[in-house]
Amino acid sequence: MFGGEGPDVATWLTSCREVLSRYFTLEDPRRLEPAEREVYVEALLDSKLLLRGFVDRVDVAADGRIRVVDYKGLALETPLPTPTGWTSMADVAVGEQVPGANGLPVTVVAKSGVHHRPCYRVTFLDGSSVVSDNVHLWRVVTNYRQTHTVQTVDTHRLHELVRQHQRDNRPKSVWINSASELNLPDMDDLPVSPWLLGARLGDGDTRAGALTVGQLDHDDMLTLAKEYWPRKISTSREKTAWRFALSKLDDRCTFGHSDFRPATPRAHHATVRRGRSRTST
């Protein structure tokens, strides 16, 4: 390990002392005894589903209780996608599903308490960022002379790697591979189809339920709109485009809400125009 291109003994011992000092500020060694680390586990469920992976650490208390530790320390407000919408690290509950590294949903089987630890903000090249504690584990790829090295490090070590590569004028030689794209089941009870929502966001009228469609796209867009909208669609030609007006549903208000009350008979509505009050029935 030492000699040649290996680390200097004194430098290595100093780094070990720093790691150990940080560890004792986070965990009280008198309370438990770490028994295993990076343990490979494999279990076959009654449903024939094979579960396998690595446990970061297994602790054994003096009374024989066992604690399984998984280093996933993120800020409580960190948003988490789920098959049914967004949640957060603070609100996610046992039994809910969140996407795994392969993009498929996995079920939350346990949730730890809140730990107050030193944290870092990890920022990526696209501007996105996440706050994690110093023992959160990252699978990091480093590049040196066209050779890729994959290693698992905590956030503190990741911080040191990034700073070292910046000093070596190689700031882009360390990265974290993105997780797979989300692979979630289709939802049949959405209030509006994803295609129609996308069309509304891209070409919709901000004041009405209408779409602006290019002249050459009239036939194709009308076919798609009729496929995804269950009500009448009125079309009108404008100077440079077509306008598709989508009629509202009978059980919805003008803004698409289903929870509304019809106007009360003989209700009086006050309006103000040019400083004068006018009441109409």
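Hi everyone, let's start with a term: two strands count as paired if DSSP finds at least two bridges between them. Strands here are DSSP runs of E with at least two residues, helices are runs of H or I with at least four, and both are numbered from the N terminus.

Before the tour, please note that this is a predicted model, where local features need pLDDT of at least 70 and side-chain atom pairs count only at pLDDT 80 or more, while totals for chains, interfaces and linings use all residues. Residues are numbered from 1 along each chain as its sequence is written, and side-chain values use heavy atoms, with hydrogens and water left out.

Now to the hairpin. E10 and E11 form it with two residues between them, and Arg145 in the turn has a positive phi of about 55°. Strand E10, residues 137–144, runs antiparallel to E11, and eight bridges join them. Along the pair, Val140 stands opposite Gln151 in E11, and Arg139 stands opposite Thr152 in E11.

Next, the cores. A nonpolar core is a set of buried Ala, Val, Leu, Ile, Met, Phe, Trp, Tyr and Cys residues joined through side-chain atoms within 4.5 Å. Buried means under 20% relative accessible area, exposed means over 50%, and partly exposed lies in between, using a 1.4 Å probe and protein chains only. The largest core has 12 residues, including Leu196, Met221, Trp229 and Phe244. Helix H3 (194–203), strand E13 (210–214), helix H4 (218–228) and strand E15 (241–246) each supply at least two of its residues.

Finally, charges. Side chains of opposite charge can pair when their charged atoms come close. A salt bridge here is a side-chain nitrogen of Lys or Arg within 4 Å of a carboxyl oxygen of Asp or Glu. How many does a search of the whole structure find? Four. One joins Arg65 and Asp63, with the closest N and O atoms 2.9 Å apart; Arg65 is exposed at 59%, and Asp63 is exposed at 53%.

Another joins Asp205 and Arg243, at 2.9 Å from N to O. This pair links distant parts of the chain, 38 residues apart: Asp205 is in the loop between H3 and E13, and Arg243 is in strand E15. Asp205 counts as buried at 19%, whereas Arg243 is partly exposed at 24%.
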